[in-house]
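Trainee: I have a structure open and I'd like to learn how to read it. Could you take me through it feature by feature?

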Amino acid sequence: MTIQPSLTVITLSYNSSSTILDTIRSVNSQVYSPIFHLFIDGFSTDNTLQLIRDHSICPHKVVSFAPSGIYPAMNHALDLVSTDLFLFLNSDDFFFDKYAISRVAACFLDETIDAVYSDLIYISRNYRSRLLRYWFNPSRFTKSTFMRGLCPPHPSFALRTRLLPLVGQFDTSYSLAADYDFMLRCLCVFHFNSIHLTVPSVYMRHGGATSSGFSSISKQNKEILSILSRHGMSVNPFVYVSSRSCIRLLQYCLAFVLSLLKLCKPTSF
């Protein structure tokens with residue numbers, strides 16, 4: 001009999017009452033078991049915690065953590081994970097469908113697989129049916145793909161928990177690109193064996209910390225260039241930014257085409 005690996009969904013929240021219900025319902029809707037939902041809340045002052053108490057039906061835990069940045073909160077969550085696998089689904093994200101975790105977990109039945117990543121769809125913050133960007137991925141990540149501006153979308157990245165002592169946690173010296181650094185270490189420094197799921201796993205609302213404007217994108221690019229250099233992957237800043245901009249443009253175009261075809265629209269849970 002095959003034993004299904006257990007998985008923790010980590011959700012960071014702070015005054016997230018306008019979006020977290022979609023997050024909770026998408027986790028509740030998953031047909032996969034066993035799932036544990038870990039909430040790291042930055043002492044919300046709205047009704048975020050009440051929504052969690054009223055609507056989260058799978059095994060879960062709420063931990064209050066003084067807001068000191070996204071990545072310290074993520075590291076605190078990693079200290080608490082006790083399941084076989086984990087992934088992050090933040091409080092303005094929600095799963096693509098009720099089979100999202102099943103598809104991810106099925107890949108880990110192969111004991112040689114260390115990490116799984118999939119595509120992701122950005123949607124409008126206020127109109128969840130409006131597709132904005134389809135974040136596609138290559139079948140394999142190498143140093144050259146990272147240097148060209150490609151990286152997996154962090155909410156679609158699942159990892160075996162036992163590998164955390166090897167790869168380490170998020171580098172909190174970065175305020176916007178520590179997830180990029182974490183995944184680069186997984187895939188290109190420690191060469192974890194990964195697999196790409198072509199079916200999207202997550203919808204992400206536009207307007208998060210790294211997509212809220214030119215200044216945040218510019219700061220993230222500077223951090224990424226520093227990360228690449230630190231790992232011996234120096235790249236011309238103009239070439240990197242140009243390549244990344246072209247990739248994003250293609251992703252926006254693909255979302256536009258999917259919208260015209262009325263494909264990949266979010267459904268109710």
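Mentor: Let's go from the overall build to the strands, the cavities, the cysteines and a few backbone details. Keep in mind that this is a predicted model.

Trainee: Fine. How many helices and strands does the chain have?

Mentor: There are nine helices and nine strands. The radius of gyration is 18 Å, close to the 18 Å that the globule rule gives for 269 residues, so the chain is as compact as a globular protein of that length. Along the principal axes, the C-alpha atoms fill a box of roughly 50 × 40 × 40 Å.

Trainee: What share of the residues counts as buried?

Mentor: Of the 269 residues, 52% count as buried.

Trainee: Let's pick out a strand. Why is S6 described as largely enclosed by the rest of the structure?

Mentor: Look at how many of its residues are buried, where buried means under 20% relative accessible area. Strand S6 covers residues 115-123, and nine of the nine are buried, so the strand is largely enclosed by the rest of the structure.

Trainee: Which strand pairs with S6 in the parallel sense?

Mentor: That is S9, and the pairing runs over eight bridges. As an example, find Ile 121, which stands opposite Tyr 203 in S9. Ile 121 also has a bridge partner in S7, namely Tyr 134. S6 and S7 run antiparallel and are joined by four bridges.

Trainee: And how does S6 pair with S8, parallel or antiparallel?

Mentor: Antiparallel, over two bridges, with S8 spanning residues 158-160. Ala 115 has Leu 159 of S8 as its bridge partner.

Trainee: Now for empty space. What is the general idea behind finding it?

Mentor: Rolling a probe the size of a water molecule over the atoms shows where empty space is left. Here, a search of the whole structure finds two cavities of 30 Å³ or more.

Trainee: What volume does the largest cavity have, and which residues line it?

Mentor: About 70 Å³ of space lies in the largest cavity. Its lining is made by Arg 133, Trp 135, Gly 149, Leu 150, Cys 151, Arg 244, Ile 247, Arg 248 and Gln 251. Strand S7 (131-135) and helix H9 (237-260) are the elements that give two or more residues to this lining. H9 gives the most, with four residues.

Trainee: How does the lining of the second largest cavity divide?

Mentor: That lining has seven nonpolar residues, two polar and no charged. The volume of the second largest cavity is about 40 Å³. Among the lining residues are Leu 87, Phe 95, Pro 155 and Phe 157. Helix H4 (100-107) and strand S9 (194-205) each supply at least two residues of this second lining.

Trainee: Cys 151 was in the lining of the largest cavity. What should I check about a cysteine?

Mentor: One thing to check is bonding. A disulfide is a covalent bond between the sulfur atoms of two cysteines. The count in this structure comes to zero disulfides. For Cys 151, the nearest cysteine sulfur is that of Cys 188, 11 Å away. Cys 253 is in no disulfide either, and its nearest cysteine sulfur, that of Cys 246, is 11 Å away.

Trainee: Are Cys 151 and Cys 253 buried or partly exposed?

Mentor: Cys 151 counts as buried because its relative accessibility is 9%. Cys 253 has 41% relative accessibility, so it counts as partly exposed.

Trainee: What about the backbone? Where is there a cis peptide bond?

Mentor: Look between Ser 33 and Pro 34, where omega is about 10°. Pro 34 sits in the loop between helix H1 (20-28) and strand S2 (35-41).

Trainee: And which residues other than glycine have a positive phi?

Mentor: Phe 43 is one of them, with phi near 60°. Phe 43 is in the loop between S2 and helix H2 (48-55) and, at 49% relative accessibility, counts as partly exposed. Cys 264 also has a positive phi, of about 65°. Cys 264 lies in the segment after H9 and is partly exposed too, at 23% relative accessibility.

Conventions: Residues numbered from 1 in each chain as written. Predicted model: local features only at pLDDT ≥ 70, side-chain atom pairs only at ≥ 80, totals over all residues. Heavy atoms only, no water. 1 Å grid on protein atoms, 1.4 Å probe; cavity = no way out; pocket = protein on both sides within 12 Å on 5 of 7 lines; lining within 4 Å. Points joined across faces, edges and corners; volume = space filled by probe spheres on them. Nonpolar A, V, L, I, M, F, W, Y, C, P; charged D, E, K, R; others polar. Buried < 20%, exposed > 50% of the residue type's maximum accessible area, 1.4 Å probe, protein only. Pairing = 2+ DSSP bridges. Disulfide = S-S within 2.5 Å. Rg over C-alpha atoms; globule rule 2.2 N^0.38 Å.
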